[in-house]
Amino acid sequence: MTIRLPTLVRTTTFKLALLHSILFTVFVLGLLVYLYASTVVYVRAEASDSLDAELTELSRAYSQGGLVRLNRSVRERQSVLGSRQFLYLLQDAQGQKIGGGLSTLPPGIPLDGRQKYLFDVDYRRPDGEIVSRPAEGRAVVLADGGIILVAYDVGEFQRIVPRITRVVWTAAPIGLLMSLIGGIVISRSAARRADTLAKTAEGVMAGDLSRRVPVIGSGDEFDRLGEQLNAMLGRIETLMESSRHVGDSIAHDLRSPLTRLRNRLETALAEPMSREMAEDTLGRTLGEVDNVLATFNAILRLSRLEAGQGGPMTRTNISGLAGQLAELFEPACEEAGIEFTANIARSLTVLGEKDLIAQAVSNLLDNAVKYTPEGGKISFKAARERDSKIILEVTDTGPGIPAEERKRVVKRFVRLEASRSEPGSGLGLALVEAVASVHNGQLRLEDGKKRNDGRGLRARLVLPKA
Amino acid sequence: MNILIIEDDEDMASFVSKVLTEAGHVVDTTHRGDMGLTLARAGDFDALVVDRMLPEKDGLTLVREYREGGGGSPALFLSALGEVDHRVEGLKAGGDDYLAKPFAPSELVARVEALGRRQISEAPITSLKAGELEMDLLARKVTRNGHKIDLQPREFRLLEYLMRHAGQVVTRTMLLEKVWDYHFDPQTNVIDVHISRLRGKIDKDFDEALLHTVRGAGYRLQA
């Protein structure tokens, strides 16, 4: 898709790219100014120093041997240095040129020997062409009225300034343009990825909860953001599913008892009945209402759990909790003619919600007591497992659960045919499973102790150690 | 007992009022939170029964402000929100007990009466007495008519709770909450079995039974 320019200009990446290119340009300009200052100025200062030294040398030659010696010195220097570095002019008191490469004294040059003077010289190149070059020099009046002028060519320095200026004026816009183009490219790709996020969000809002942000795998900020968003969407999908599930559950398991209730009340209303009959009907109706309420509470609790709204997680002493539960259930087992043994290891702790774990284990013990026949055996164990796990295990000698049914029985309202006649809502194991998953644990169902025709059941709640 | 009911649902309020009146208590009723707070501060009630969701001032705020103002009457929250964290919120706000709707009338009466009793026995006590039963809380010894009775630690706590509420009906849920600290109902009749074991120890060798089962409600230890 194409991005219109105004959108592009508003993006953060574009603004950053623009800021960056401006800073870049300022930096380059600064660098050039520094370069100019440290080369041109330095070289000029050095040239000026050697000019002073040259004049001092020549003055000494003059004082030693007069004009003749001076002229010889000049000639020597010109030949040695090839007249490249310095230009000379020596003339007598009458203004006649005696020696040096320059033809005439530039007009207006101060003769005090202290001030430097800028002038043009006609310079004959080896090929015979005469070029005019800027030069800077100093002239000194000799004792006999003659004049010595020493100068150097400043054309190079003066040409550097406009060249640098030209470089700046061409390089800066090119740099600016390049970084702008770079910025736009980066900005466009970022904007495109942000746009993908927005598109996904739009899709989700339109009701397609299975939409996910594509993750490239580069591990950059957009990928991380995408992963977080996907995780969030996954969570939302689970919650939505869970709340739809509650709806289904209510329809499934509350509608039928409510219908039965309604029918019973309607019949009671239509029929004339004795006080005794009425009491009986009302008593049974009340029992039914209590069952509906219990189921309703269990559904609510389960949904809160599945939505991740358990209580606060704290360090929970599992040994103490298991001991208390063993003590709570032991008399009931004895009364039912079941042998109960508890084997609880010391100092077991998990990070969890005490009441939830207690209820989960209590559900397992409830099931065991309910399904184990008289003369059977229930063993309750709390122990540490090798890989930093803690297990709470209830093993019975009841009918057990066939292997192919084990995945199904932990779902809501699933009850095995054989147990339909027993009281219960079909939510017990679903709650244990939910408690396990809230604690990042597991519920494992296995064969228990074989006895007579029952295969027995071993229900294991596995929780990570605190 | 003199009880103030603060409940906005009029059917519920009159049901609660009827239940408590039939149990022999004097009841005042109001439907608004702010009115409730004024009445609670002005009158000398033995217990307050407060709904959580009220117009003008919700139940949690009401009890918190009542406590901040120095009000000392025990308060029982009635609420449709019955999860453990709701209960904790209620107790943190200064409530003394918490009962989730819907509830059995006997459960409400038992809990309200338990509150009133707690108010009276505020001072630290070292021994309890109920009829022929005597309990030494320091030496952890129980005697009936001078005969020593050996109890397991849990049986001791169970009997202690029953003795503190001697003469009152105590429900299974109350025992699970107060003696075992569980806020769920095991389906197995675990409490009944514990009670019958305790009964075996305190009543077995005596003619008169002290620990009675109240049908459809719970248990009562004869005072």
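**View 1. Helix H6 of chain B, a mostly covered helix.** In this predicted model, H6(B) buries Arg154(B), Glu155(B), Phe156(B), Leu158(B), Leu159(B), Glu160(B), Tyr161(B), Leu162(B) and Met163(B). That makes 9 of its 12 residues buried, where buried means under 20% relative accessible area, exposed means over 50%, and partly exposed is in between (1.4 Å probe, protein chains only). The helix covers residues 153-164 and reaches 16 Å from its first C-alpha to its last, close to the 16 Å expected at 1.5 Å a residue; the expected span is 1.5 Å times one less than the number of residues. Helices here are DSSP runs of H or I with at least four residues, strands are runs of E with at least two, and both are numbered from the N terminus.

A word on the conventions: residues are numbered from 1 along each chain as its sequence is written, and chains are lettered from A and ligands numbered from 1 in the order in which they are written. Since the model is predicted, local features need pLDDT of at least 70 and side-chain atom pairs count only at pLDDT 80 or more, while totals for chains, interfaces and linings use all residues; side-chain values use heavy atoms, with hydrogens and water left out.

**View 2. Leu159(B) in the largest nonpolar core.** Contact means heavy atoms within 4.5 Å. The largest nonpolar core has 89 residues, and Leu392(A), Leu159(B) and Leu221(B) touch the most other members. Such a core is a set of buried Ala, Val, Leu, Ile, Met, Phe, Trp, Tyr and Cys residues joined through side-chain atoms within 4.5 Å. Another core, of 18 residues, lies apart from it, with Ala47(A), Tyr62(A), Val74(A) and Tyr88(A) among them.

**View 3. Strand E9 of chain A between its pairing partners.** E9(A), residues 377-385, pairs with strand E7(A), residues 339-344, in the parallel sense over 6 bridges. Here Glu339(A) stands opposite Lys377(A). With strand E10(A), residues 389-396, E9(A) pairs in the antiparallel sense over 8 bridges, and Ile378(A) has Asp396(A) as its bridge partner. Two strands count as paired if DSSP finds at least two bridges between them. The hairpin of E9(A) and E10(A) has 3 residues between the strands, and Ser388(A) there takes a positive phi near 50 degrees.

**View 4. Lys57(B) in a loop of chain B.** Find Lys57(B) between strand E3 (47-51) and helix H3 (59-68). Its C-alpha is separated by 7.3 Å from that of Arg32(B), 25 residues apart along the chain. Not counting residues up to four places away in sequence, Lys57(B) touches Gly33(B), Asp34(B), Leu37(B), Leu62(B) and Glu65(B).

View 5. Most residues other than glycine have a negative phi, and most peptide bonds are trans. At 38% relative accessibility, Asp181(B) counts as partly exposed.
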